[in-house]
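Subject: Structure handover

Hello,

Here is the structure for you to look at. My notes on its side-chain contacts follow below it.

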Amino acid sequence: MNYLTLENVTKSYGEKVLFQNVSLQVNKGQKVALIAKNGSGKTTLLRVVSGTEPSEGQDAKVLFRRDIRIGYLPQEPEFYDKHSALEAVFDSDGEMMKAIRRYEAAMLHHENTAELQAALSRMDDLKAWDFEAKVKEILFKFNITDLEQPVSTLSGGQKKRLALAKLLIEEPEFLILDEPTNHLDLDMIEWLEGFLSQANLTIFMVTHDRYFMERICDTILELDHGSLYKYTGGYSDFLEKKQLRLENESAELDKTQKLFKKELDWMRRSPKARTTKANARIDRFYETEEKASVRREKDEIQIDLKGQRLGGKILELHYISKAYGPLKIIDNFHYKFKKGERVGIVGKNGVGKSTFLRMLTGEERPDTGKVVSGETVVFGYYSQDGINMGDSDKRVIDYITAIAEYIPLDKGQKLTAAQLLERFLFSREHQQVYISQLSGGERRRLYLLSILMKNPNFLILDEPTNDLDVITLNILEDWLLEFPGCTIIVSHDRFLLDKLCDHLFIFEGNGQIKDFNGRYMDYRETKLEAEREQRRLEKPSETKPSQPTIRTESGLTNKEKNEMKKLEREMGELEEKKAKLHDKFSQPGLSVTDIDKFSKELKAVEDSLEEKEMRWLELSEK
């Protein structure tokens, strides 16, 4: 069943054509990822599909199936500033959403018993309790706990999580998602993977998260030089099929150029008086000339900067601690960095990862202990904030030349700022553009260049993958693998962590930092195995459950004695069933539908168990 059809969709800004005569179809249950280099028009195409931006061309069509609900997650969501988080999440005209909003508000102000009772009655009337449990599950997964917090005080990352939670709660059948994993921690991403994998959901998204694409998507679309290329399968299939496409295009171009050379010789030899047949061949010559003159630019950034020499003493953390009131960020952490180390940092949002990085560079001081930096260490700190908004009124070239007019390379060579910008895919024309006019990914690429221009030998990268395209990420990763200095990476990109990092600092909360020797997926498997073992230990013995002492005094009739024995057997069976249901809740990738189903089953088991226990106690008292 077709859900979306695009026909002859074109979009340009001034003379720059982002895409031309693009057509595609998305069917029910299909999960499609769109990838391209930054500035190619990925976000613009999503906006055209979502209807927030018009398409161009008289024949352009954007058609959705009439009876489906559509949800759009923009890269930078906007809310009404005077709303609270509660009002923003439940900003809907649906009766169910209104009832839950009223109930949640009444619970926050439960002293108003009349309003609370009215809200409870309305929830009962609409049978909204199951849906309310689903809402709580989604809000909890995205760490949205303060429902009274004004939207105006939320950070960009908090707004993105709030918008994503709101979208999932509304249950659209067709999801249009622009970088859904940005600002999510790893646990959130893995939960979202499970949620979006539901067969009944149809997805069209832009993402740079390669594991996310591999595990969710069945189709990859690539926007390349204004054209759309379709590949069936996940990210690994895309890599193979794209390479095959490029090889075929190269072979076809080589063939066309050889034909052009042959036809050119004929043109030069042929007489001026042409027959009709000769004129047709001349027309074909000009068509061949046009095809043969195609030059595919290699749109890849070139990073050939080398870090400065790094001495023997690098960076030492001597039992440092940091806290904000009762909240412990770091508690007595000790570590000495060695040359060439690549350390990944993982942990939930809000546990202090960014604070830790600022302490390494001296922007913040520890409460106790000390941070000792070697004399030769030059930090390059790529922060989450990126380019300061105060720089938005600068041109690209002015922003870079303010750092340095040129950059020295190996063997006495040097590059001017303009040449370096060209290597980072900013053409001479593009260098005259104001920073405020750049896409999110282009701003990130420019910011990365500004960090590398300082020629650091100790790189600190705080969420470097946000808004960077897959092509740029692959090149950055390859360069970092050869980087001779030290690297610390905070990232939710599991692919990047596995490719680059030798070991991890795991921020476990309450100031505890664990040094894990291995890659992220090794850590994840170790963690899951520990959780499975814990559940096994908590699981009741497979042997027959211990039974309460049975009183056999004459106070019980034979019928009641038999009833007690039956109750004991049924209580044991229910306890086993309850334990199995608890195990199911711990399974990774659990969908909301499964959660609802298991919650209902668990409640029924617990109710039945309670009823039988009460009856058993009655009998035992006799």
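Rings of Phe, Tyr and Trp (its six-membered ring) pair if their centres lie within 6.5 Å; planes under 30 degrees apart count as stacked, over 60 as edge-to-face and the rest as tilted. This is a predicted model, in which local features need pLDDT of at least 70 and side-chain atom pairs count only at pLDDT 80 or more, while totals for chains, interfaces and linings use all residues. Residues are numbered from 1 along each chain as its sequence is written, and side-chain values use heavy atoms, with hydrogens and water left out.

Aromatic rings

One aromatic cluster is formed by Phe333, Tyr335, Phe337, Phe356, Phe379, Phe458, Phe505 and Phe507. Over the whole structure, the search finds 23 aromatic pairs. In one of them, the ring centres of Tyr103 and Trp129 are 5.1 Å apart and the planes stand at 85°, so this pair is edge-to-face. Tyr103 belongs to helix α3 (residues 95-108) and Trp129 to helix α5 (residues 129-141), so the pair ties together parts 26 residues apart in sequence. Helices (H or I, at least four residues) and strands (E, at least two) are DSSP runs, numbered from the N terminus. Tyr103 is buried at 9% relative accessible area, whereas Trp129, at 30%, is partly exposed. Here buried means under 20% relative accessible area, exposed over 50%, and partly exposed in between (1.4 Å probe, protein chains only).

Tyr335 and Phe505 are also edge-to-face, because their planes are at 80°, with the ring centres 5.1 Å apart. Tyr335 is in strand β11 (residues 327-336) and Phe505 in strand β19 (residues 503-509), 170 residues apart. Both Tyr335 and Phe505 are buried.

Salt bridges

A salt bridge is a side-chain nitrogen of Lys or Arg within 4 Å of a carboxyl oxygen of Asp or Glu. The count by this rule is 35 salt bridges.

- Lys136 and Glu132 form one, with the closest N and O atoms 3.0 Å apart. These two residues are four apart in helix α5, or about one helical turn. Lys136 is partly exposed at 39%, and Glu132 is buried at 8%.
- Glu364 and Arg358 form another, at 2.9 Å from N to O. Glu364 is buried at 18%, while Arg358 is partly exposed at 26%.
- Asp187, Glu190, Lys348, Arg524 and Lys527 are linked in a network of salt bridges.

Regards
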